[in-house]
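Here are some friendly notes to read with the model open beside you. Take the points one at a time, and look for each part as you go.

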Amino acid sequence: MPVHSSFDYDTVIVGGGLVGAAVACGVAQSGARVAVLDGGDRDFRASRGNFGLVWVQGKGADFPAYAQLTRRAAQHWRDFADELQDATGVDIALQQTGGYDFCLEPQDWDARAREMRLVAEHSGGEFEYQMLDCDELRRHIPEVSREILGASYSPEDGHVNPLYLLRALHQRMAGLGVDYRADHRVHASRRDGAAFVIDTRRGSFHCERVVYCAGLSNQALCGDLGMSIPLNPLRGQLLITDRVPRFLSAATLQVRQTAEGSLQIGDSHEDVGLDESTTLDVITRLARRAVRIFPHLAQVRLNRAWGALRIMTPDGVPIYHRSEEHPGAYAVSCHSGVTLAALHARDIARWICAGPLEDPLLGAFSADRFDV
Amino acid sequence: MTTPDYQLLVIGAGPAGMAAAQVAAHRGVKVAVLDEQLHPGGQIYRNVDASPLADISVLGKDYLHGRQLVQTFRHAPLDYLASCSVWYLDRSGEVGIVDNGRHRSLVAQNVIIACGAQERPMPFPGWEKAGVMTAGAGQILMKSAAMVPDEAPVLAGSGPLLLLLAWQYLRAGVKIRAIVETTQRQARWSALRHFPRALAASDYLFKGLQLVSAIRRARIPWYRQASELSAEGDERLQAISFRCKGRQQRIATPLLMLHQGVIPSLQLAAAAGCDDRWNEGQQCWQTQLDDWGESSQPGIYVAGDAAGIGGARAAWLGGQLAGLQVAHKLGMLAQEQRDVQAQSVRSACDRHLAIRPFLDSWYRIGEDRLLPPDETLACRCEEVTVAELRALSRQGCSGPNQAKAFTRCGMGPCQGRFCGATMEQIFARQAAPDRPAAGHFTVRPPLKPVTLGQLAGGADQTHEG
Amino acid sequence: MFRLLGEASQQVLVELDGVEVSVPAGVSVAAALLYLGRIPTRHSPVTGAARAPFCMMGACFECVLEIDGVSERACQRQVEAGMQLRLQLCGDGEAL
């Protein structure tokens with residue numbers, strides 16, 4: 001990559017969460033000089049609120065390109081996890097041994113079956129799944145209550161430790177020479193000749209390329225460079241319990257058992273604006289649901305409950321956008337920072353570095369799709 | 001809209017909680033007091049009216065004073081719920097409790113958090129070993145179980161409570177192997193400038209001198225300005241080693257009791273979203289409060305040691321101020337009467353607090369001592385070492401919350417109570433001078449244990465619709 | 001490790017790792033274990049290190065053990081006749 005001496009960096013990435021860190025690793029691997037400008041320790045961070053699923057089923061039923069993209073990401077994951085472990089020594093506990101989404105209400109079954117069928121269609125019939133009734137489900141997972149109607153199952157689903165993933169990505173960034181700056185929240189960006197100028201309260205950065213991976217802040221920040229990125233927060237509350245003897249190695253959308261043995265229980269979907277707080281009624285509801293599915297968990301102690309804000313685009317599908325007005329400015333927004341991490345570090349990084357070349361699939365994810 | 005269950009919920013039945021609740025209840029406020037223990041009194045007056053001790057005077061006059069406080073409390077017109085732990089509190093006054101094993105929720109118009117203090121963690125290599133306990137634990141065993149060590153313990157650390165424990169043990173006939181005091185000399189000179197003000201609380205000074213001379217008379221080996229503490233042993237503690245006056249020392253002992261001051265228990269106020277700030281003089285976080293103890297969240301107050309370390313007498317007085325203000329804001333106490341009653345409370349409180357700047361300064365922990373060596377366990381629950389945290393800090397990790405996410409430090413059952421201070425120190429001392437001060441962890445519920453089954457089965461008895 | 005000041009007003013019988021033992025009435029389970037000298041009371045889940053009651057006020061969670069089948073802080077429960085206690089120890093369950 002040609003480097004102008006007037007640039008501090010080839011690429012500045014705004015945001016050091018799962019998305020920003022993954023993209024940074026990929027871009028740095030291409031040889032570019034990269035800086036990551038991250039917010040403060042107590043800023044909103046969807047990356048610290050993630051459930052940790054590497055999830056394919058149910059994604060993109062109504063958006064074929066998303067279904068395909070997600071499958072591609074899941075297929076990259078094993079290789080990506082091994083690469084991260086080799087480079088950093090961090091074991092992110094990736095398990096891709098299948099995933100279940102329980103059908104809790106009568107209407108869930110048909111809606112779910114439809115979704116699964118559509119995703120399979122979009123993948124040309126390659127997506128593997130099963131709809132399991134109660135008996136079949138209990139053959140897979142004996143601890144499930146007899147009251148549960150069943151579940152959708154796909155062997156393509158899995159889970160990972162999202163916090164260790166973030167840690168591994170940060171370590172990888174360091175190993176690749178990425179200049180990671182904590183507490184450098186970006187408040188404005190502009191063009192200055194050939195360079196982008198990214199302003200933080202601790203200094204301005206000149207770069208040839210800028211990639212916005214700043215979660216909910218993308219909407220305000222990207223506006224500076226002519227990109228309209230519509231986003232809304234959607235709160236999810238999560239519970240995590242003390243360690244319990246292992247009984248669940250596959251992932252489920254409602255409960256998963258981490259590598260340490262604790263149970264992660266999720267989650268809610270609340271439209272409450274920029275409010276991360278937990279509420280008593282959701283906490284009790286989540287606990288009730290977990291015990292309904294797995295009655296043997298009644299004695300298990302809650303370790304902590306927290307809320308995080310998902311980054312939701314209007315259709316729930318990621319935005320991969322490049323600015324027409326200001327070539328070299330990119331925006332990446334999604335709520336599946338874990339599932340798509342492998343893709344972000346590879347395909348998306350390549351798309352960013354390749355300039356005007358197109359990845360045929362990614363065109364569908366431009367923010368232009370929201371223009372009326 | 002839910003009708004509140006109570007106009008005032010007081011969390012904690014120590015001196016501050018008992019005072020606040022009674023002051024409000026006597027003015028017609030509908031009050032409930034929730035406390036985790038079986039009896040009122042908090043930690044300082046624990047078991048004072050239900051003592052297993054044959055001779056309660058062994059604990060001293062100050063402890064005995066609590067008896068009449070507890071007895072009047074028991075007769076006050078309020079609902080007292082013992083064996084009740086508060087695991088959830090939010091800014092709307094909604095409270096999640098485990099009441100004798102059952103989960104339920106309550107809503108209060110006003111909440112006074114009077115949950116007291118905890119001992120400041122004193123981490124050093126081996127502090128997690130079986131046989132190492134806190135001085136506070138020693139006092140609790142004496143007060144609630146009439147138990148004392150059967151082999152001579154070593155007491156280590158710094159602060160008035162360490163000496164108080166030694167004095168109480170002597171009165172109970174317990175032999176003390178040694179006192180390993182870590183108080184640093186350089187603190188003394190700066191403490192002396194607070195001495196004139198401390199004279200206003202000369203009774204405290206006098207009591208302090210009495211403790212010291214009793215300990216001296218008992219000829220207990222007393223090591224001063226000790227440093228580099230380390231506890232040794234495999235399955236159990238076998239010895240403590242340390243450095244004193246340039247020499248390495250080692251004392252064989254199966255029981256070590258630690259103390260390094262007390263700090264407010266901040267979890268409830270932080271969970272309710274109250275603003276807090278670092279108090280450099282007391283080297284701890286404190287909730288930001290107005291003159292009546294009200295926090296940045298309307299209707300949520302903090303009183304007693306939970307608001308700032310001041311001791312039992314100051315807590316009893318501070319609790320009254322919060323109670324008066326709650327009654328006033330509920331329209332049950334006119335402003336003029338509130339102010340008249342508050343005035344005498346405030347001047348008495350000021351007198352008791354006059355000793356604090358001197359004590360805080362005398363027992364100040366030096367910069368070099370706030371950070372233990374690399375091999376120390378910062379997080380006892382998840383067994384994360386100081387070394388691991390330091391490495392993250394050097395890599396530019398953004399602060400304690402990021403470090404918590406990366407290492408699990410602070411994710412164990414103690415919810416960061418014993419590792420938070422260490423983590424903050426590590427991240428506050430970044431290489432880059434322009435780094436802002438690190439904050440503290442975000443506090444998450446549950447603040448006390450609750451099971452999934454309790455949550456699932458908890459009946460919302462008080463809410464309709 | 002710890003002794004009573006004066007006589008115990010009463011004793012109760014509890015079961016500790018399957019063995020019946022006599023402890024003073026009216027004390028916490030943690031205090032009873034210290035009275036019996038039965039430390040360590042657990043091995044930590046991460047490295048198996050030996051631990052025992054530390055703060056006695058419910059804050060540190062070192063004293064967690066199984067009380068009548070439920071994992072709880074021993075310092076927050078009073079002993080009751082017939083209580084079944086199991087220490088969270090590795091190996092054959094012997095504390096020492």
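How many Å separate the centres of domain 2 of chain B and domain 3 of chain B, taken over C-alpha atoms?

1. Let's settle that opening question. The centres of domain 2 and domain 3 of chain B lie 26 Å apart, taken over C-alpha atoms. Where they touch, domain 2 of chain B contributes 5 residues and domain 3 of chain B contributes 10 residues. On the domain 2 side of this contact, 4 residues are nonpolar, 1 is charged and none is polar.

2. Domain 1 is made of two stretches, 6-118 and 263-333. Domain 2 covers 121-260, and domain 3 covers 371-428.

3. Please keep in mind that this is a predicted model. Its overall scores are ipTM 0.93 and pTM 0.89. For chain C, the mean pLDDT is 89, and 93% of the residues score at least 70. Among the elements of chain C, helix α1 (residues 29-36) has the highest confidence, at 97, while strand β7 (residues 70-73) has the lowest, at a mean of 88. One stretch of chain C asks for care: over residues 92-96 the pLDDT is below 50. Beyond near neighbours in sequence, that stretch has 8 contacts in the model. Where pLDDT is low, the predicted coordinates should not be read in detail.

4. Now for chain B as a whole. Its secondary structure consists of 16 helices and 22 strands. The C-alpha trace of chain B spans about 65 × 50 × 45 Å along its principal axes. In chain B, 57% of the 465 residues are buried. Of the contacts in chain B with a separation of 6 or more, 70% are between residues 24 or more positions apart.

5. Chain C has 1 helix and 8 strands, and from the N terminus on its elements follow the order β-β-β-α-β-β-β-β-β. The C-alpha atoms of chain C fill a box of roughly 40 × 25 × 25 Å along the principal axes. A compact globule of 96 residues would have a radius of gyration near 12 Å; chain C has 13 Å, which agrees. Buried residues account for 49% of the 96 residues in chain C. Among the contacts of chain C between residues at least 6 apart in sequence, 40% join residues at least 24 apart.

6. Where do chains B and C meet? In this interface, 36 residues of chain B are in contact with 31 residues of chain C. On the chain B side, the elements giving two or more residues are β7 (117-119), β8 (132-134), α3 (135-145) and β9 (147-149). Of these, α3(B) gives the most, with 6 residues. By class, the chain B side has 21 nonpolar, 6 polar and 9 charged residues. Strands also pair across the two chains: β9(B) and strand β1 (residues 2-4) of chain C are antiparallel, over 3 bridges. Within this picture, Pro149(B) stands opposite Phe2(C) in β1(C).

7. For strand pairing inside one chain, turn to chain A. Strand β12 (residues 232-243) of chain A runs antiparallel to strand β16 (residues 302-312) of chain A, and 10 bridges join them. Here Leu234(A) has Arg310(A) in β16(A) as its bridge partner. β12(A) is also joined to strand β15 (residues 262-265) of chain A, by 3 bridges and again antiparallel. In that pairing, Arg243(A) stands opposite Ser262(A) in β15(A). In a regular strand the side chains alternate between the two faces of the sheet.

8. Ala214(B) lies in helix α7 (residues 202-217) of chain B. Ala214(B) counts as partly exposed because 15 C-beta neighbours lie inside 10 Å, whereas a buried residue needs 20 or more. Leaving aside neighbours within four places in sequence, Ala214(B) is in contact with Trp167(B) and Leu170(B). Ala214(B) and Arg171(B) are 43 residues apart in sequence, with 9.5 Å between their C-alpha atoms.

Terms used
Residues numbered from 1 in each chain as written. Chains lettered and ligands numbered in written order. Predicted model: local features only at pLDDT ≥ 70, side-chain atom pairs only at ≥ 80, totals over all residues. pLDDT = per-residue confidence, 0-100. Helix = DSSP H or I, 4+ residues; strand = E, 2+ residues; numbered from the N terminus. Contact = placed C-beta atoms within 7 Å. Buried ≥ 20, exposed ≤ 12 C-beta atoms within 10 Å, placed from the backbone. Nonpolar A, V, L, I, M, F, W, Y, C, P; charged D, E, K, R; others polar. Pairing = 2+ DSSP bridges. Rg over C-alpha atoms; globule rule 2.2 N^0.38 Å. Domains from an automatic or database assignment.
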